Amino acid sequence: MTDTSTSMSVSAAPKSPEKIARLKARYRAERRFRFYGRAAIAIAAGILIFLLSSIVYNSIPAFTQNFVELDIELAQDVIDPNFSNDAEIIYAADWQGLIKTSLRREFPEVNSRADKRELYDLVSSGAGDWVRDFVLDNPQAIGSMVRLAVPTSDDIDLLIKGLIDRNLPESDRLVSNKELGWLDHYTAQGRVHTQFAWVLFTSGDSREPEMAGLSGAFVGSLLTILVTLAVSFPIGVMAAIYLEELAPKNRITGIIEVNINNLAAVPSIVFGLLGLAVFISFFQMPRSAPLVGGLVLSLMTLPTIIIATRASLASIPPSIREAALGVGASRLQVIFHHVLPLAMPGILTGTIIGLAQAAGETAPLLMIGMMAFIVDTPTDITSKATVLPAQIYMWANNPERAFLPKTSAAIVVLLLFLLSVNATAIYFRKKFEKRW
Amino acid sequence: MFNSKLITGALAAIAMTSAAQARDQIEIVGSSTVFPFATTVAEQFGRTSKFKTPVIESTGSGGGMKLFCAGIGLEHPDITNASRRIKEKEFKKCQANGIDLSEVVIGFDGIVLANAKGAPQLKLTLEQIYLATAKKVPDPNKPCQSDWCEPVKNPYQKWSDIDASLPAKKIEILGPPPTSGTRDAFQELAMSGGSKAYPHMSALKKTDKSMWKKLTRTVRDDGAWIDAGENDNLMVSKLVANPDAVGVFGYSFLDQNSDKIKGAIVNGTQPTFDNIAGGKYKISRSLFFYIKHAHVGTVPGIQEFVAEFTSEKAFGEEGYLVPKGLIPLPSTDRATQRNNSSSLTKLAL
């Protein structure tokens, strides 16, 4: 009886207490929902920040490296006894021997075999390479005495960085008291200094942490991704255009569609097994090659590219197609002159997301031999190579302590690599984006 | 867009030509335990010789054998590493594919049980290790008959249940997964070895070997043994975080982390370099690699690589593999291995 009058008065008259309570409850619900949303984002961001900061924090020691200056006599009879000036002979000289001589001259009191071994462990077992490179650049220095900075061994490096505690009892420390004494001798003369670890970017893999770098894995990743792009992009885009624009909608295309969607969900290791059986066993392609890696990864990326391309083609309004057809364009002209350029930003985004996924993949590469110890930097798509994620995995498994920061540093490099790939994607999307 | 055929065609052409090319780089597969040593030698070899640095894949001993014995030809590996001897089945497969091979023993590796530095020092016997890890153990509540003890589900929950001298802590062992050669060796040396304390088990070995294997080498699955994955660095940090846990891994990880963890004394012997080298420490095994004869001379550098591996400066007592955690053979054995490998003595099982 009074229903109508009250409902009429809602807007004008003061609200009844129940209504105010209901309204408040609705506002509360909205606030709660906002809070949940923020909490979800905060948790996600917190985990990401924790993960990233711990990786970055752990990686910091790997970006610097300690060098010790040794007085090295570039003895003619060791380097080039016959004055041949032949680079090959000079290359093969006993460079590590020169380092050992220098250390013995510095500490003549070291006599026993065991002590000498410990003394030689002060510097990297690859330190000779630094002397060699210096002499190859400065051949006139042969015969003279030079003071050269060479890398310390991994344990000494960790000690200087404070990652090995020098106050521990000697039995628990990886560096002995004698080694500490020798190191302090150089430190006191200001002959030990820290530099940026260029090695991390310029050299290939090594079993000595102070010599190990990412250049081989980086080039391997790049070559693999290029092969993936060259194979999966054209095939994926063509397939998607045909399915979306030209194919008749019937049972067969339906089945193909379902299968493509299923393929996107297949575990990547399966593609590795397929690659092993088809490319390596049947086509006799080489193991551990970026060519095979790229082919396997493109199998994995294809469904992603097809799905993304189809989605972005479908999002182009039909009015554009109709207008083009209306002015007399053929189906092909409609697609290549109008629809495809407009769909390009979406296609590129999908492709790059697929490639980024492929760049971080290890499981399928395990099967085709790309998880391997490879020192030389690959030069083409058929030479032996590994990739960044595989390198990270292998370093994480090495027993030497110094590989722990190296592993984190490699993760940082991989993340930066992926970040720059994604940034390129965003750049292209913005560049080609058209609004209508 | 239209050049997809062109690109795939070009790729296929590259693949064909490269497959036909001769290989100038040694390919090695096999054990993850031998991997750190083989890679060190490979790097040294690449740096000091005119040959390319060999490519080494860590596939596990079994996986390596499978690839190695698959056939002769440049698409197959030249050398495989193993943390156990080649099995008869694998050898037969190799022979069936016409592969002649040589065996080289490179040294020893100890398997240690370790816990956090701050935790109490464990003193175990092989028998106690067997009782702590086996799925079925002789019934402790029923006295053994003259030649048989009834195997029951492992009842030991705390170390002190096994022996009052051990800590009253829950048994919590982090060990390698079944795919690992370290696991195989642990089962064989520590578990089967520990079961020798029971005469009826040794008798069973003679009468029913498969039953004996099943009883002594099945690891318990009630949560006391945890498969902790192949990453031993991760295991070390888990041990530091949990002082009650005991980890099972290779000696080199104990050596590298001596400030964080300590090895259990087994049968009265510390897991030290000297004790493992001298054969006093009981849970140690030999490490091997196998050379495919047909590839020697076809792939350049195989003999030189083997010579580098078996040189005194590599696997000798003061060799560069020792700081990497390899425990060298006695000097007479080293000389034998050197001779056998340089003359490519054919392996016969």
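These legends describe close-up views of a predicted model.

**View 1. Chain B as a whole.**
Chain B is built with 15 helices and 13 strands. Along the principal axes, its C-alpha atoms fill a box of roughly 75 × 50 × 40 Å. Of its 349 residues, 54% count as buried. Among contacts in chain B between residues at least 6 apart in sequence, 72% link residues at least 24 apart. The chain exposes about 14,700 Å², and carbon and sulfur atoms supply 54% of this area.

Helix α9 of chain B covers residues 209–217. Within this helix, B:Trp212, B:Leu215 and B:Thr216 are buried. These residues lie on the same side of α9(B), because they cover an arc of only 85 degrees around the axis. On the other side of α9(B), B:Ser210 and B:Lys214 are exposed. The buried residues of α9(B) are covered by elements of chain B that include the helices α5 (126–133), α7 (181–195) and α8 (199–207). The strands β6 (136–138) and β7 (151–153) of chain B are also among the covering elements.

A:Lys384 sits in a loop of chain A, between β4 (372–373) and α18 (388–396). The residue counts as buried because its relative accessible area is 10%, and the cut-off for buried is under 20%. Leaving aside residues up to four places away in sequence, A:Lys384 touches A:Arg287, A:Ser288, A:Ile374 and A:Pro378 in chain A, along with B:Gln25, B:Glu27 and B:Val55 in chain B.

**View 2. Polar partners of the A:Lys384 side chain.**
With the side chain of B:Glu27, the side chain of A:Lys384 makes a polar contact of 2.3 Å. The side chain of A:Lys384 also reaches the backbone oxygen of A:Arg287, at 3.3 Å.

**View 3. A nonpolar patch on the surface of chain A.**
A:Ile269, A:Val270, A:Leu273 and A:Leu366 make up a nonpolar patch on the surface. Together these residues have about 290 Å² of accessible area. Helix α13 of chain A, residues 268–282, gives the largest share of the patch, with three residues. A:Val270, one of the patch residues, is placed in helix α13 of chain A. A:Val270 is partly exposed, because its relative accessible area of 38% falls between the cut-offs of 20% and 50%.

Key: Residues are numbered from 1 along each chain as its sequence is written. Chains are lettered from A and ligands numbered from 1 in the order in which they are written. This is a predicted model: local features need pLDDT of at least 70, side-chain atom pairs count only at pLDDT 80 or more; totals for chains, interfaces and linings use all residues. Side-chain values use heavy atoms; hydrogens and water are left out. Helices (H or I, at least four residues) and strands (E, at least two) are DSSP runs, numbered from the N terminus. Buried means under 20% relative accessible area, exposed over 50%, partly exposed in between (1.4 Å probe, protein chains only). A polar contact is a pair of N or O atoms within 3.5 Å; within protein, one must be able to donate a hydrogen and the other to accept it, and residues adjacent in sequence count only if both atoms are side-chain atoms. Contact means heavy atoms within 4.5 Å. Patches are made of residues with over 30% relative accessible area and no salt bridge: like charges are joined within 9 Å, nonpolar side chains (Val, Leu, Ile, Met, Phe, Trp, Tyr) within 5 Å. Accessible areas come from the Shrake-Rupley method with a 1.4 Å probe; for residues, only the protein chains shown count as cover. A salt bridge is a side-chain nitrogen of Lys or Arg within 4 Å of a carboxyl oxygen of Asp or Glu. The arc is that of the directions from the helix axis to the C-beta atoms.
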